[in-house]
Amino acid sequence: MTEPLLRVNRLSKRFGGFVALDNVDLAVTQGERVGLIGPNGSGKSTLVNCICGTLHNETGSVTFAGEKMDGLIAHERTRRGLARSFQLPRPFMSMSVADNIRVPLLYTVAARVGHHVSKAEADARCMELLKLVALDAKAARSPRDLTQVEMRKLELARAMAAEPKLLLADESMAGLSHSEVEDIVQLLLRLNERGITIIMIEHIMRAVMSFSQRLVVLVSGRKIADGKPDEVIKDREVIGAYLGQ
Amino acid sequence: MDVNLLINAVIAGLLLGGFYAAVTAGISISFGMLDIVNIAHPAFILLGSYIAYSLNVGFGIDPIAASILMLPAFYALGAFVYQVYYVSFEKFGQESLRGLAFFFGLLFVTEVILLLIFGVDYRSVNAAYIGSSLSIGPMEFPLRLLVPCVVALAMFAALEVFLSRTFIGRAVMAVSQDPTALRLMAVDPTRIKRIAFAISIATASMAGAILIVIQPVIPSVGRDYIGRIFAICVLGGLGSLPGTLIAALLLGVIESVTSVFYGPSWAPAVSFGILLLTLAVRPSGLLGR
Amino acid sequence: MRTPVFVLLEIVAGAALFLILRAVNNDYLFFAGYTVLQFIVLSTAWNILGGYCGYVNFGSAGFFALGVYTSVFLYTVNQNLEELMPESLLPLMQAIFPLPLPVLILLGGIVAGLVGLGTGYLTLRLRGVFFAIATLALAVVLQTFVVNWSFVGGSRGAYVIPPSTVPVLGPYIQYLFLLMLLLVILSVTCARLIERSRLGYGFATIRDDELAAEACGVPTLRLKLIATVLSGALMGMAGAPFPYYIGYVEPGSAFDLSYAVNSIAMPMIGGTTWWAGPMLGAVLLGTLQQIATVTISSAVNLLIVGLLLIGFVIAAPDGIVGLWHTWTSRRSKA
């Protein structure tokens, strides 16, 4: 078996006396589509934050593309190909939509060894990404002028601009309408076709089920299930955890 | 090292620390609990000093009694300042940069106004207890320090009781962490913050009065307290009154010992050293997790 | 506009200003002009950290004074070379000293930049407001050190006697004016370069959202340190010639709170997002204060600055530049 792209090994995280993550193991192979679900407060976002370096885990380790991530701060992990989107979109409000996407191009792609991004190249790349998420008509606008779903798309496009190997999409669809959810799922599938491994953290089961090849369930900081989606949702413990809340 | 000197330095430091606790109480509420970085607080304290001075010199009122008389006025002033701050910055979530500049402007303007009215000469008050002291063996308690310390501790205890025992007090403690929960309980977070900020400014009235009992003041004295009160507030763990008290006593003793053994002109550097050290090593404060 | 062209234009404008003042031939104009130029440097420097990154520095007076006292220190060393230096080093030192003013400016910048680095390193990893508080206290403590340091005059202050004339230019104040003009060109060019470079984007992401910035690969701590060092160094450089301008320095004048207030008020009033904003604010406020100091009193003019600062942050958050943008866009719509 080949070494997985991402390996999370016995990861634990506490906040004071509260155990947010308890010995979590997770392995994701190149090109996979993984869904991560769990009730509110189960530690999903904490796991994302620990993988991306926003938070530091006390014990356990994160290995990505064969390299230990522990001790690297968030931007160093982004530069190595680990990108994320935020649960609540956090665009740079003082910049135009296009400039929002330019930031990772300038700081991630250009900073990677062997890459030099000229201005024309960066402009072209920006427009390409904006076309992909159908925001090209609003390139010069402020993020303030965007709708909720457009804001989510900008968030994903910005994560994509870092040219990641792995994308962690943290609740990209919360609060969106039926067709908008479908829109985002299609977008993520297209990204996956381009060879990007994706972990989708989501509450909307319809979206998770249609997207994921594998489902991971987190409850109270522990992983209670990991396997084929249709099998996992029949699991007694999983049903119990969801009905019990 | 002279033991008597050390004992009296520590006593003076503890008395001073009690006073520092009163000075910092306001900041502990506004900065620690409400997340409002009111760097103009020392200017309000100085305002309290000068009002106590005016009432003392003009009508012969005891400075501490004067400060209690002025509590409602300072409360109203605090409510007004918070309203301006809320309408101009907090409502739009722009409090960081501009809010800081706003309070800095307030600090400066208050200082200049005091300067224009009272000039650059040192001003002091008269009261029966200034000048005499209480001696127990080798220990000496100057009343000029003892009375303010007792008043400060009384105020501090009242605040602690108010915050931990009353509904509004507990709402104040909760307001910065969970405004939504307050809303669900039909409590308007803005109103709670206004009350709390007004109280924090009201403490400045008393802190100002005891400041002028302890030492003569000039308008620029407030600036010396900026580093000190933030050092205490951070060291005490933001927003914890017991932590604030411990930190204040500690800083008082360290400063007093420094000034007895190395000279008073070094004392201001102590607080900054402690502030930087705390920020670098233990930003959650002494009692923090 | 390309940077070399811009610098050329700045030099032309600076030279024109200098020649006009020289033609008027009134030393007072040079004295007043120097102060205004000094404020342009201070406010532009403040804005690199405050306006671009959103980190408030209340300690401008401290950084300025570091430059001032670097000069005072080296001036005093030069006065006492025979006593301070071992015999073996004396000839060498006599050849080096007295250091020319441009070298003092450079050294003042280095000292202030290093202090900025230290303060930044200790506090910039925390919430932004801790940095602001630390800078506020920094000025008080640096002043404590200077007051206790008798070598540079302690609380009594120190006299620095500048030569009355320099070759070619004539009056010494014109030389000082010219140096400050160069510092203005340096700082404004710096600010404008940052605005148009990758660094400018990085700074803006820090101001907008640091967490998102890190997720986009922006090394926020390093960028903040760059801004702190640059900003502090420029302030120190602005302070270095001050002893030669004023002739007598005491801690109260070098650490004057009005430097801190002005370097915040000027960018806030001019506009923080454009390189010309701080300059605009400095020219307006600086000139106003020069006039007010002569006609009314210096305390009253500080009151005006404070009230203007409060008024602008409440009513016109984007400063004069922002007001101008709103006005022109309204006109174009009408």
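## Exercise 1: a helix pair in chain C

In this predicted model, Leu285(C), Gln289(C), Ala292(C) and Thr293(C) of α15(C) meet Ser298(C), Val300(C), Asn301(C), Ile304(C) and Val305(C) of α16(C). Work out how α15(C) and α16(C) are arranged.

**Solution**

Step 1. Start with what to look for: a pair of packed helices is described by the angle between their axes and the distance between the axes.

Step 2. Find the two helices: α15 covers residues 276-295 of chain C and α16 covers residues 298-315 of chain C, and their axes come within 8 Å and cross at roughly 150°.

Step 3. Angles over 145 degrees count as roughly antiparallel, so α15(C) is roughly antiparallel to α16(C).

Step 4. Sort the residues where α15(C) and α16(C) touch by class, and you get five nonpolar, four polar and no charged residues.

## Exercise 2: the build of chain B

Describe chain B, from its elements to its overall dimensions.

**Solution**

Step 1. Count the elements: chain B has 12 helices and two strands.

Step 2. Walk along chain B from the N terminus, and the order reads α-α-α-α-α-β-β-α-α-α-α-α-α-α.

Step 3. Along its principal axes, the C-alpha trace of chain B spans about 60 × 45 × 35 Å.

Step 4. Look inside: 52% of the 289 residues in chain B are buried.

Step 5. Take the contacts in chain B between residues at least 6 apart in sequence, and 78% of them join residues at least 24 apart.

## Exercise 3: where the chains touch

Which elements of chain B touch chain C, and which elements of chain C touch chain A?

**Solution**

Step 1. Begin with chains B and C: 35 residues of chain B are in contact with 35 residues of chain C.

Step 2. On the chain B side, the elements giving two or more residues are α5 (95-118), α10 (221-235) and α12 (267-281). α5(B) gives the most, with 15 residues.

Step 3. By class, this side of chain B has 25 nonpolar, seven polar and three charged residues.

Step 4. Now for chains C and A: 16 residues of chain C are in contact with 23 residues of chain A.

Step 5. On the chain C side, α9 (198-208) and α10 (210-215) give two or more residues, and α9(C) gives the most, with seven residues.

Step 6. By class, this side of chain C has eight nonpolar, three polar and five charged residues.

How values were computed: Residues numbered from 1 in each chain as written. Chains lettered and ligands numbered in written order. Predicted model: local features only at pLDDT ≥ 70, side-chain atom pairs only at ≥ 80, totals over all residues. Contact = placed C-beta atoms within 7 Å. Helix = DSSP H or I, 4+ residues; strand = E, 2+ residues; numbered from the N terminus. Nonpolar A, V, L, I, M, F, W, Y, C, P; charged D, E, K, R; others polar. Buried ≥ 20, exposed ≤ 12 C-beta atoms within 10 Å, placed from the backbone. Axes fitted to C-alpha atoms, helices over the stretch in contact; angles between N-to-C directions. Parallel < 35°, antiparallel > 145°, perpendicular 65-115°, else oblique.
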